[in-house]
Amino acid sequence: MLYEFTTLSSPLLAVGQVCERARAWAAEAETGTLLGCWRTEIGTLGRVLLLRGFETPEGMTSERRRALMSAAPFNAGDLLTALTMDSYALFPFLPPLRTGARGGVYEFRTYRLKPGGLPPTLAAWEAAIGPASPYTSHLVTNLYALDGPPRITHIWAFSSLEERATLRGNAYASGLWPPKGGPDQILEATSTVALPDPGLPLS
């Protein structure tokens, strides 16, 4: 499974319309599965985040081409101020992305890595992920980019910001987190908190 992470930027008051139109766009696609649609709440506002899964590279390329060749990509061309589409693959040792109601608050963290930093990052995460780490039960997935600069994007789900803060505090205090050696590979880190649209596999 490959994944496309799309960011749609728009004026603040248009975010709801962009969500609706983007979901309709994804429903019309001949390939791919819309896994989630989120509206940013903390971080850069006025953004809609979409995560789609594809069985083949050809399917993802076909959908990418459909958006690029459209005068109104994601049915929202008149509302969009920016559009990015990034290709990702799952960390090879992680199980398939688990869908369902995962919590009302999602965090998207992207780490831009040093050149050559992906292999040691994967090794650090593989050593840290396991049943002994209570924090990782909230990990939705971790993906590495297939295009653009070396980077990873991991998605977390929590019932509230309070739960997130408590879990992170406990994990750091226990020494189980962060993955040992992982931060050494990070050049830049960004975090966005977003709220899910209902009725999708990740909600």
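This is a predicted model: local features need pLDDT of at least 70, side-chain atom pairs count only at pLDDT 80 or more; totals for chains, interfaces and linings use all residues.

Q: Why is strand E7 called mostly covered?
A: Buried means under 20% relative accessible area. In E7 (residues 151-158), 8 of its 8 residues are buried. So each of those 8 falls under the 20% cut-off.

Q: What makes E5 and E7 a pair?
A: Two strands pair if DSSP finds at least two bridges between them. E5 (residues 105-113) and E7 have 8 bridges, in the antiparallel sense. In this pairing, Arg 109 stands opposite His 154 in E7.

Q: How do you know that E6 and E7 pair?
A: The cut-off is at least two bridges. E6 (residues 139-145) and E7 have 5, also in the antiparallel sense. Thr 141 stands opposite Ile 155 in E7.

Q: Which residues of E7 point one way, and which the other way?
A: Arg 151, Thr 153, Ile 155 and Ala 157 point one way. Ile 152, His 154, Trp 156 and Phe 158 point the other way. In a regular strand the side chains alternate between the two faces of the sheet.

Q: Which residues touch the most other members of the largest nonpolar core?
A: The core has 32 residues. Tyr 3, Trp 38, Leu 51, Tyr 106, Phe 108 and Leu 202 touch the most other members. E7 gives the most to this core, with 5 residues.

Q: Why does this core lie between domain 1 and domain 2?
A: Domain 1 (2-89) and domain 2 (91-196) both give residues to this core, so it lies between them.

Notes: Residues are numbered from 1 along each chain as its sequence is written. Side-chain values use heavy atoms; hydrogens and water are left out. Buried means under 20% relative accessible area, exposed over 50%, partly exposed in between (1.4 Å probe, protein chains only). Helices (H or I, at least four residues) and strands (E, at least two) are DSSP runs, numbered from the N terminus. A nonpolar core is a set of buried Ala, Val, Leu, Ile, Met, Phe, Trp, Tyr and Cys residues joined through side-chain atoms within 4.5 Å. Domain bounds come from an automatic or database domain assignment.
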